[in-house]
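User: I'm new to reading structures like this one. Could you walk me through it, feature by feature?

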Amino acid sequence: MDDTLIGRGLKRTPLPRFLLWLAPWAGLLAFGLYATYLCFAHGLNQTNMDNRFAFGLWIYLDLTVIALGAGAFFTGFLLYILKRTELKAVINSAVVIGFICYSGAVGILMVDVGQPLRAWFTFWHPNVHSMLTEVTFCITLYLGVLAVEYAPLVMKNRRLKEIPGLLVLEHKLHKLMVVFAGIGTLLSFFHQGSLGGLYGVLRGNPFAFREHIFIWPTTFFLFILSAAAVGPSFVLLTTWLVGKVSRKRLVSPEVFQTLGKISGWLLLVYVVLKGIDSLVWINATSPKTGVQVSSFYAHPPFGTWILFAEVVLLGLVPAVLLLSRRVRARTGLLVLAAVMACAGVVLNRYVMTIQTLALPSLPFDSFLSYSPSWQETAAFLAVLGYGVLLYSISFRWLNLFPEERELAAKG
Amino acid sequence: MLPGNTDFIADPFNLVFLGVFAAVLATVVGTLVVAAVSARRAVTRGKAASILWQHEFEELPSSAKECRHALTGELPGRHCDRAFECKGCETHAKLVADAKALPFLDTGGFDVPADRYYHRGHAWLKPEEDGTVTLGLDDLATRLVGKPSTLDLPPVGERLAENGPAFRLSAGKARVRIASPVTGEVVETGSLAKGFLLRVKPDGPLDTRALLSGGEAAAFFTREMDRLQLAISGARGVPALADGGLPVGDLSKAIPEEDRDRVLGEMLLEA
C-alpha cells in the first residue's frame, strides 16, 4: 500500500523506519494538545501572561512562523508573476512550508484567544480600527489560499491521480494558479505589514513607536521587506535540511544559489532601510517623546548588543555573504548565511514582541520579566511537531521536489 | 450592515475595508468554482484522458519526448511539445507530404511485425478485417515487463480514449499503465497467450496518424534501445549495456528490483 503511494522513481525509507521517525514528533504534538486542552478547560491562567504581558511566546511564535512562511507567497510571486521558472524546483515545498506555518499560527492563535468557538466574532464584529483585525482577515484568507495551493499537490499523488476527475481538477487549478499567487501576494503584503504596523502605532510605547509614512508606520514596510527577504532563505534552509535528513539531492545547486541571491538583495535593501529607520528613531522619534534610546538598553539582557546583532551581525553580514558569488558557490557557507538571515528576523520578532512589552512605558512602570509556562511551551512545541509530521508525510507521498527523480537517476 | 451587529458603522472607510476582503474572498471562491466547473465539463466531454496524458507528458524526461522525425534523422534533436499529438502538427504534415517512405531497416533486435502500428508508449495496434483493432504490448515492453504479476484489463463495453489508460499491469514492485493507441469501445478481452490483450471497436474511421509503422517504427525501436540503456544505467551500481549485440530475451532480469518501477515508467511513458 505504502509503496504504491510513493512517487515513481522516488526512493523513500522503509515504512517501519518512517513510523519510528514520526513517533517523537507525534509525541510532541500529543503533549502540546494536552496543554491546549488544559488551556481550553481551565482558561488562560495556565499561561504566565497577564494584562501587562498580554503577548507572550505564542504571539512571538506567530510572528516568527508567519515571517519565515513568507517563502510560500514570495516564491509563488517570483514563479507565477515574474516567471522565474527555475523556482519550480522548490515551489511545492515552499507551499507546504507556508501551509504549515500559517495553519500552525492560526492554531496557536485559537488557543491564545482562549475561546475558539467565538473565533467568528472577529469577522462579524470587526474592530476596523485595529491592525489585528486586518491581520486576522488576511491570515484566514491566505490560509485558505494556501490550502487551495496545497490541494493540487495531494491530487497529484500517484494513486490519487488515477482518479480522472481529481487530476483534471488539479490541471484546471494549476492553470489558475497565477490568480492564487497574486491574491497570496496581496494578502501577505498586508498582513505582514499590519503585524509590523501594530507595534509601530503604539504611541504610548516609545520603544516600538515609529514615524509614519501616510497612515502606515515604518515598521509596516520593514516587516513586509524582512519577511520577503528571509522567505527564500528559509526555503533554501529547509530544502537543504530535508536533503541532509533524507540523504538525497532534491534540487540542483543553481536553485540554492538563485534563492540565496534573491534573499541577499532583499536583505540588503531591508538592512539599509532598517538602519535609516533606527537612526531616525534614535535621533528624532524617541527623543521627541522625552525618552532617550539608551534607556531602552539599560535592562539586561536587552543591551545594545541586541540592536547590533539584529542589524549588523544577522542582517548586514548575511546580506553581504548571500550577495557574494563565491559564498553562494559553496553550499556550506550559503546555508550558514541563510541561517543567519533567518535568525535575524527571528530576533527582530522577539525584540518587537517581548522587549517591547518588557520595557517600562510609564514613569511608575518597572521592567517586567516573563517566562512562558510549561503549557505555553508545550503548545509552542506542538506546532513544531505538527510541522515536522505534515512535512514528513508530504515529502514521503507527494512529489515536493520535481527535480528529485532526475537527480536520483543521475546518481 | 452586518445582521446582529449593532456596533458596526457603515462609513466609507469601514465599507472599503470590508469590501476589499469581500472582493478577495469572492475572487478566491470564484476561481475555485471556475476550476471545478471547467473540470467537470472536461470530464463529461471525455477530455479527462487527454488531460491526463498531457500531464504525464509534461513530467517525462526530455529523452522520452523526441520527435518521430528526430528518430528517423529528418530533424535531428527535435523534441515534441504536443504530447505526440501529430495530427495537428504542421511540421509533421509538411514532412509527411514531402518525404518518401522509409526503408524498413534494423529494428535493434526486436520483433516488429509490419502489419501493426506502434504507439510511443509501447502498445501495438493491428487493424482486423472486421473493422475492429487488436491491441497488445510490443516486443520491447514484453521483454521489459517479463511475466507480469497482474494484468488489469478493462471489461467489455468500457470506453478507451487515445493516449488514455488502456490497461494496467504490475511486475514485482512496478505498476504501470499502458497508453491506448486508439479511441473506441472494448469488445473483447484477450490474454498474453492469445497474442492480443484487447479487441476494440474504434470510434469512426481508424486514425493512425499519431502512430508509427514501417521504417519509422524500426527507427523508433532502435532509438528506444538507447533510451533503455540510459534509463538502466541511471540505476546506480548497474553497468550500462554494452554497445552492439542484440537484446536478451528477458530484459526484465537486467533491471534491479528497486529500479524496475522507474525504468518501466520511463519506457512506457508514465511519469
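Predicted model: local features only at pLDDT ≥ 70, side-chain atom pairs only at ≥ 80, totals over all residues.

User: How many helices and strands does chain A have?

Analyst: Helices (H or I, at least four residues) and strands (E, at least two) are DSSP runs, numbered from the N terminus. Chain A has 16 helices and two strands. For chain B, the tally is seven helices and nine strands.

User: And how do I read the radius of gyration of chain B?

Analyst: Take the radius over C-alpha atoms and hold it against the globule rule, 2.2 Å times the number of residues to the power 0.38. Chain B comes out at 24 Å, well over the 18 Å that the rule gives for 271 residues, so chain B is more spread out than a compact globule. Its C-alpha atoms fill a box of roughly 85 × 50 × 40 Å along the principal axes. Chain A, with 411 residues, has 22 Å, which agrees with the value near 22 Å for a compact globule. The box for the C-alpha atoms of chain A is roughly 65 × 55 × 35 Å, again along the principal axes.

User: What share of the residues of chain A counts as buried?

Analyst: Count the other C-beta atoms (placed from the backbone) within 10 Å of a residue's own: 20 or more is buried, 12 or fewer is exposed, and in between is partly exposed. In chain A, 48% of the 411 residues count as buried. In chain B, 40% of the 271 residues do.

User: Which domains does chain A have?

Analyst: Domain bounds come from an automatic or database domain assignment. For chain A that assignment gives domain 1 (1–48 + 380–399) and domain 2 (49–370). Their centres, taken over C-alpha atoms, are 23 Å apart. A contact means that the C-beta atoms of two residues, placed from the backbone, lie within 7 Å. Between these two domains, 22 residues of domain 1 and 21 residues of domain 2 take part. On the domain 1 side, α1 (2–5), α2 (15–42) and α15 (374–397) of chain A each give two or more residues. The largest share, nine residues, comes from α15(A).

User: How far apart are the domain centres in chain B?

Analyst: Chain B is divided into domain 1 (1–45) and domain 2 (49–267). The C-alpha centres of these two are separated by 48 Å.

User: Where do the two chains touch, and which helix of chain B gives the largest share?

Analyst: There are 32 residues of chain B in contact with 29 residues of chain A. On the chain B side, α1 (12–44), α2 (48–59) and α7 (257–267) each supply at least two residues. The largest share, 16 residues, is from α1(B). To sort residues by class, count Ala, Val, Leu, Ile, Met, Phe, Trp, Tyr, Cys and Pro as nonpolar, Asp, Glu, Lys and Arg as charged, and the others, Gly among them, as polar. That side of chain B has 18 nonpolar, eight polar and six charged residues.

User: What order do the strands of the sheet in chain B follow?

Analyst: Two strands pair if DSSP finds at least two bridges between them. Here six strands form an open sheet in the order β1-β2-β3-β9-β8-β5 (chain B), with antiparallel pairing. The edges are β1 (117–118) and β5 (159–160) of chain B, each pairing on one side only. Inside this order, β2 (residues 123–127) and β3 (residues 133–137) of chain B pair in the antiparallel sense over five bridges.

User: Which residues touch the most other members of the largest nonpolar core?

Analyst: In soluble globular proteins, nonpolar side chains tend to be buried together. A nonpolar core here is a set of buried Ala, Val, Leu, Ile, Met, Phe, Trp, Tyr and Cys residues joined through C-beta atoms within 7 Å. The largest one has 181 residues, and Val95(A), Val145(A), Val230(A) and Leu135(B) touch the most other members. Leaving aside neighbours within four places in sequence, Val145(A) is in contact with Phe180(A), Ile183(A), Gly184(A), Leu187(A) and Val28(B).

User: Where is Glu403(A)?

Analyst: Glu403(A) is in the loop between α15 and α16 (404–410) of chain A. With 15 other C-beta atoms within 10 Å, Glu403(A) is partly exposed. Setting aside neighbours within four places in sequence, its contacts are Ala89(A), Leu250(A), Val251(A) and Ser252(A).

Notes:
Residues numbered from 1 in each chain as written. Chains lettered and ligands numbered in written order.
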